[in-house]
Amino acid sequence: MESTTKCYMDISIGGEIEGRIVVELYKNVVPKTAENFRALCTGELGISPISGLPLHYKGLHFHRIVKGAMIQGGKISSGDESVGESIYGLKFDDENFELKHERKGMLSMVNFGPNTNGSQFFITTTQTHHLNGKHVVFGRVIKGLGVIRSIEHVDVDENGQPVLDILIVDCGEIPEGADYGIINYFKDDDTYPDWPSDLDEKSDDFSWWVKAADDIKAFGNVNFKVYFTKQDFKMAMRKYLKAMRYLDVCWDMDSLDGEKSTSLRKKRCQLYTNIAVRSELFEAMYPDSCCRAMETENITSLRKMRCQIYANIAACKLKQGDIDGALWDTDFALRDDEEYVKAHFRRGQAYNALCDIDAAAKCFEKALELEPNDGAIKRELAATKKKIADRHTREKKAYTRMFQ
């Protein structure tokens, strides 16, 4: 289908930049509807003479989420009951219903009945055939389906309104032949898209995906101290979770049989969008039976890398004060490698933060057993043992007073 007009929307969730959505508009099928969206993305028409509001999507919210169906946004209106304002006036007619809601990522107009199109639009998160013939489809998402998935998984209230602000922080038209702005999105020289689905070409080579995950993890490690200096722990976590997404693709290679691959695909979506990475689903996603079809060397490499990523995520969560989350992640790391020193060390720090000094001491002792010459472990263990000794002293004094 011929189509050359492309637009972008940069999205933040809860005040944190999530990424970019790139859409392709079918101006050859629905030119009037496509032009409405394009002009509202650029904001080129300025202030509306009708409402006095900017005819621009920038600064507007995705204000409604229907789980397993769509995300909705683009309301240019000061009132609650409105489809928003179009570039043609408050409303314009349905152009045609040639295009269908045939898959996730379809871009369609919100309406309150026939011929009531305004500025509001929705993006499907699955097939929604029941909307065919009722809403005008005018484009599709070509990059950023991972961002849409993240939006869909934001918690909502009883009215479907997200509990976090989901903001279009910037938007516009992408000139023909120009870069989509997906690569190196955060201007930090990371050349892998945040989501594997945004790769222009996807390799069938198992080793390519392992290398990609390793590169991303290494990039996060190099910048780890920089992020910590800036107190930007969320960016550090973003890199490690991104590496995990690339790593996950390895579990869907041809070496897995059909039944197991189908199960992994259904469950993997949840892991992709669970930024806390704490779900017990993890074990269900990676049963040992699924690994037997892979070479032992590949399995060992994957588990080692995954273990390192979890330990790094735990370090970020400790700095953020998410102690329970850090414990979850060290637990996941130790499931892959029971003798990974950093996991025991981070676990000890987490228990110390929870004032469980006995459990902390055991973790540090295990870490020191595995790495006898590590100065940081020695210091943490000595400090924890001193806390235990001080506690014993206080208890002894308290018991003495009881019998005086």
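I take a residue as partly exposed when its relative accessible area falls between the buried limit of under 20% and the exposed limit of over 50%. My notes here concern a predicted model.

**Entry 1: aromatic pairs.** I searched the whole structure for ring pairs and got 12 aromatic pairs. I opened Tyr 88 and Phe 92 to start: their ring centres are 5.2 Å apart, and the planes meet at 70°, so I logged the pair as edge-to-face. Tyr 88 has a relative accessible area of 35%, so I call Tyr 88 partly exposed. Phe 92 comes out at 4%, which means Phe 92 is buried.

**Entry 2: a pair between helices.** I then turned to Phe 345 and Phe 364, a tilted aromatic pair with 5.7 Å from centre to centre and 55° between the planes. I looked up where the two sit: Phe 345 belongs to helix α11 (residues 341-353) and Phe 364 to helix α12 (residues 357-370). They are 19 residues apart, and the pair links distant parts of the chain. I found both Phe 345 and Phe 364 buried.

**Entry 3: a cluster.** Which residues do ring pairs link into a cluster? I traced Phe 37, Tyr 57, Phe 62, Phe 121 and Phe 138.

**Entry 4: charges over rings.** Back at Tyr 88, I noticed Lys 32 over the face of the ring, 4.8 Å from the ring centre. I also looked at Tyr 8, where the charged end of Arg 20 sits over the ring at 4.1 Å from its centre.

Notes:
Residues are numbered from 1 along each chain as its sequence is written. This is a predicted model: local features need pLDDT of at least 70, side-chain atom pairs count only at pLDDT 80 or more; totals for chains, interfaces and linings use all residues. Side-chain values use heavy atoms; hydrogens and water are left out. Rings of Phe, Tyr and Trp (its six-membered ring) pair if their centres lie within 6.5 Å; planes under 30 degrees apart count as stacked, over 60 as edge-to-face and the rest as tilted. Buried means under 20% relative accessible area, exposed over 50%, partly exposed in between (1.4 Å probe, protein chains only). Helices (H or I, at least four residues) and strands (E, at least two) are DSSP runs, numbered from the N terminus. A charge sits over a ring if NZ of Lys or CZ of Arg is within 6 Å of the ring centre and within 35 degrees of the ring normal.
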